[in-house]
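Biologist: I am new to this one. Please show it to me, and then I will ask about the labels used for it.

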Amino acid sequence: MEIIISQTAEESSVLAARVIARQVREKPDSVLGLATGSTPIRMYQELIRMHQEEGLDFSRVTTFNLDEYVGLPRTHDQSYYYFMQEQLFKYLNIPAANIHLPDGMAADIPAHCAEYEAQIQAAGGIDIQVLGIGSDGHIAFNEPTSSLSSRTRIKTLTEQTIEDNSRFFDGDETQVPRHCITMGIGTIMEARMNLLLAFGEGKAEAVVQTVEGPISSMIPASILQHHQSAKVFIDESAATKLKLKEYYKWVYAGKPEWQKDQ
Ligand code: GLP
């Protein structure tokens with residue numbers, strides 16, 4: 001794992017966007033795995049800026065999102081489909097046919113999940129997967145005790161996640177769907193690079209467990225210790241609990257410039 005600590009979430013977001021931009025420039029038909037949540041929004045804004053001001057071209061890019069709530073139509077303003085349209089897709093030139101999210105209204109959910117996996121395979125696999133992290137250490141909606149080799153499937157949210165996400169539903173926990181469709185941890189681990197973002201002190205405990213704790217399904221993100229290419233972009237407040245914080249900074253500061261967005 002490579003731990004990249006910046007003073008602010010703003011700086012982290014720009015650095016992470018550069019990694020994605022480099023990928024897209026080098027391989028214009030890249031397959032990107034995308035995430036929702038508040039964390040990646042600033043990084044998406046930077047990608048939009050690069051598209052608009054620097055001509056970063058997404059016309060051959062394919063995307064797969066991590067997850068979606070079950071029971072929310074795509075028109076619902078809290079569906080992840082709606083979120084992605086509003087926060088990213090409507091500003092970029094990714095062809096609509098290349099954009100994939102799980103369908104929370106699918107009639108046959110197991111068949112839909114199998115099809116989603118098949119589509120990722122058919123696209124050649126994911127080059128870079130963007131991840132946020134839940135305060136309980138979940139990635140996508142793989143809650144604690146998820147199988148570390150799970151595939152795309154239906155999951156039940158934990159009470160903690162329902163509480164965390166209720167802020168998007170007028171603070172009303174009863175409005176948060178109980179179920180979701182999520183890529184599995186096995187699916188995420190097959191991405192050629194994983195890029196995890198975590199900002200703020202509310203994520204500090206999940207971050208230290210992920211990076212320096214034992215690998216455990218109790219902290220699903222900790223499986224990234226097994227990934228060959230996992231970058232963790234965090235701000236100072238998410239880094240407060242890391243024992244080796246100064247070491248990570250020292251390592252990153254010593255990297256040659258050309259290596260920083262690889
Ligand atoms: C949700 C999403 C995750 C996301 C997490 C953190 O549960 N399914 O993909 O990482 O929230 O969200 P935020 O970035 O808003 O803290």
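**Labels and the values behind them**

Modeller: Phe169 belongs to the loop that runs between α5 (159-165) and β8 (179-182). The model is a predicted one.

Biologist: Why is Phe169 called buried?

Modeller: Buried means under 20% relative accessible area. Phe169 has 3% relative accessibility, so Phe169 counts as buried.

Biologist: How far apart are Phe169 and Gln78 in sequence and in space?

Modeller: They are 91 residues apart in sequence, and their C-alpha atoms are 7.4 Å apart in space.

Biologist: Where is Lys231, and why does Lys231 count as buried?

Modeller: Lys231 is part of strand β10, residues 230-235. Its relative accessibility is 4%, and the cut-off for buried is under 20%. Lys231 is therefore buried. From Lys231 to Leu197 there are 34 residues in sequence and 8.5 Å between C-alpha atoms.

Biologist: What makes Thr152 a buried residue?

Modeller: Thr152 is placed in the loop between β6 (128-131) and β7 (153-156). The relative accessible area of Thr152 is 8%. Because buried means under 20%, Thr152 is called buried.

Biologist: Why is the pair of Thr152 and Glu117 called a polar contact?

Modeller: The cut-off for a pair of N or O atoms is 3.5 Å. The side chains of Thr152 and Glu117 are joined at 2.7 Å, which means that the pair is within the cut-off of 3.5 Å.

Biologist: Now the ligand. Which residues come nearest to the ligand?

Modeller: There are 13 residues around the ligand, and Ser38, Thr39, Asp67, Arg167 and Lys203 come nearest. By kind, the shell has four nonpolar, six polar and three charged residues.

Biologist: How much of the ligand does the protein bury?

Modeller: The ligand taken alone exposes 390 Å², and the protein buries 95% of that.

Biologist: Where does the ligand sit?

Modeller: The ligand sits in the largest pocket.

Terms used:
Residues numbered from 1 in each chain as written. Predicted model: local features only at pLDDT ≥ 70, side-chain atom pairs only at ≥ 80, totals over all residues. Heavy atoms only, no water. Near = heavy atom within 4 Å. Areas by Shrake-Rupley, 256 points an atom, 1.4 Å probe, with all protein chains shown as cover. 1 Å grid on protein atoms, 1.4 Å probe; cavity = no way out; pocket = protein on both sides within 12 Å on 5 of 7 lines; lining within 4 Å. Sits in = over half its atoms within 2 Å of the grid points. Nonpolar A, V, L, I, M, F, W, Y, C, P; charged D, E, K, R; others polar. Helix = DSSP H or I, 4+ residues; strand = E, 2+ residues; numbered from the N terminus. Buried < 20%, exposed > 50% of the residue type's maximum accessible area, 1.4 Å probe, protein only. Polar contact = N/O pair within 3.5 Å; in protein donor to acceptor, adjacent residues only side chain to side chain.
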